[in-house]
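Have the model open as you read.

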Amino acid sequence: MIRENCGIVGIYNVKDVPKILYFSLFSLQHRGQESCGIIFSDFKNTYIYKGMGLVNDVFSKFDFEKYKNFGFGIGHVRYSTTGSPDIKNIQPFIVEYKGEKYGIAHNGTLVNSYTLREELESQGTLFQTTLDTEIIIHLIFRSKKESFIDKLIEALKKVKGAYSLLIFSPDGIYAIKDPNGFRPLCLGKFENGYVVASENCAFDLIGANYIREIEEGEILHIGENGLKSYYLQKNKISRCIFEFIYFARPDSKIFGESVYKARKKLGENLARELQFKADLVIPIPDSGNIAAIGLAEKLKIPFEMGFIRNHYVGRTFIMPFQTSREIGVKVKLNPVKEVIKDKCIIVVEDSIVRGTTSTLRINELRKAGARNVYMVVSSPPIKYPCFYGIDFPTKNELIASGKTIKEIKKIIGLDGLHYLSLKGMLSSMDLPDDEFCTACFTGQYPVEISDFKGKEQFEK
Ligand code: AMP
């Protein structure tokens, strides 16, 4: 089972704080559907609200009318990459220190959390959750430094891996990106306030304007005196390219670049590499849509919606058990026989992970009467697991690890299969090639994986 990573949002000096956080989390729902939560302040009191499930459901009983003042806060939507789906693991994670409440919301995965946690436990630290995120909070408050910012910097120097973080503190919020800049995080502005979010699709709904991406290694404090940045020592920039391929919403800008434009270019570059001739190009909705438009346009082949999606089913990988996922695949997409029958089809998929959903979908196309089915994938074969926040399965479960394209083609039941080349993928992006993390395709991990012991490493 593969799972999404998380989405985070923070706002400062805004009216109707919980309402604005709610709308923002709603826009970021695609980044995590397991649980969500907020912590916010009206500059006097602090409030917390959390629950398991979708944003809409969790907040259905929340009394927004009660909290209409100006204030600030942070929010989180979660799908577990470390720590099990459990009430105690809902973020933001909250602690109290010297009578004040602090909260932390994390997108990413730390790679040295096992060692850090062992160290902290041996010093008597008691953990409440199985989140790697909790480690950061303990490190902050164990620091002997005077000011909060110095404590924070000292703590962050000890953690390694991927983290886009938001910290709620009595004097405002801190927006932080790790020195490699694995996960997106951007800044926006209201008339008198600010917003920080994983993706700027959240800004449109709440009426904020995009300003910029948070820099690699930047700690941005948003408080009474406006914005102030501090910097950790930079590392090799390693933006997650998979955010462009699959995770982010196409109406977002991530790392300063449009996801829609990048996906369309992936499709155009695929067209340059293709040998197949076909009657139709169809996407696997929704993740294949934009690449398919780019491909069809370049190949001058008609684009059709050969699958119709049932919008009331979540992303299939959200379902926590194998059985529900398989049912989910069938429930979610239905082929349009009138489009498919007797046609030679190019199906566009953004990625193949285990190959199980793809196999089921291709089978559906055959049953709908397709004459030939070619699959083109707008990314290279995924051969290696991700340790930086994307919940891919282990190496053995990745279909492209240890199998040739010919073997994969046979397993999925295709007449042809083409994966976009690494070069084709990288040249679809405006950002420099060597500033991306491509570890899931190449096995070159930009930050050493010292002690990651799997998603359930803290469960036993
Ligand atoms: P499969 O054929 O089982 O490998 O599933 C491929 C489908 O999974 C594609 O439609 C992808 O969009 C989707 N996918 C890609 N990455 C992920 C991920 N990390 N979690 C869940 N689904 C993913």
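This is a predicted model: local features need pLDDT of at least 70, side-chain atom pairs count only at pLDDT 80 or more; totals for chains, interfaces and linings use all residues.

Let's start with helix α3 (residues 113-122) and helix α4 (residues 133-142), whose axes come within 10 Å and cross at roughly 50°. That angle makes α3 oblique to α4, and the crossing is left-handed. On the α3 side, the contact is made by S113, L116, R117 and L120, while α4 brings I135, H138, L139 and R142. Sorted by class, the residues of this contact are 4 nonpolar, 2 polar and 2 charged.

Next up is α4 again, this time with helix α5 (residues 148-158): the two pack at about 130°, their axes 8 Å apart. α4 and α5 are therefore oblique to each other. Which hand does the crossing of α4 and α5 have, left or right? It's right-handed. Here α4 uses I136, L139, I140 and F141 to meet F148, K151, L152, A155, L156 and K158 of α5. The class count for this contact is 8 nonpolar, no polar and 2 charged residues.

Now for the ligand. There are 20 residues around it, and the ones that come nearest are D350, V353, G355, T357 and S358.

| Residue | Distance from a polar side-chain atom to a ligand oxygen atom |
|---|---|
| S287 | 3.2 Å |
| E349 | 2.8 Å |
| R361 | 3.4 Å |

Key: Residues are numbered from 1 along each chain as its sequence is written. Side-chain values use heavy atoms; hydrogens and water are left out. Axes are lines fitted to C-alpha atoms, for helices over the stretch in contact, and angles run from 0 to 180 degrees between N-to-C directions. Helices (H or I, at least four residues) and strands (E, at least two) are DSSP runs, numbered from the N terminus. Angles under 35 degrees count as roughly parallel, over 145 as roughly antiparallel, 65 to 115 as roughly perpendicular and the rest as oblique. A crossing is left-handed if the near helix is turned anticlockwise from the far one by less than a right angle, and right-handed if clockwise. Contact means heavy atoms within 4.5 Å. Ala, Val, Leu, Ile, Met, Phe, Trp, Tyr, Cys and Pro count as nonpolar, Asp, Glu, Lys and Arg as charged, and the others, Gly among them, as polar. A residue is near a molecule or strand if one of its heavy atoms lies within 4 Å of it. A polar contact is a pair of N or O atoms within 3.5 Å; within protein, one must be able to donate a hydrogen and the other to accept it, and residues adjacent in sequence count only if both atoms are side-chain atoms.
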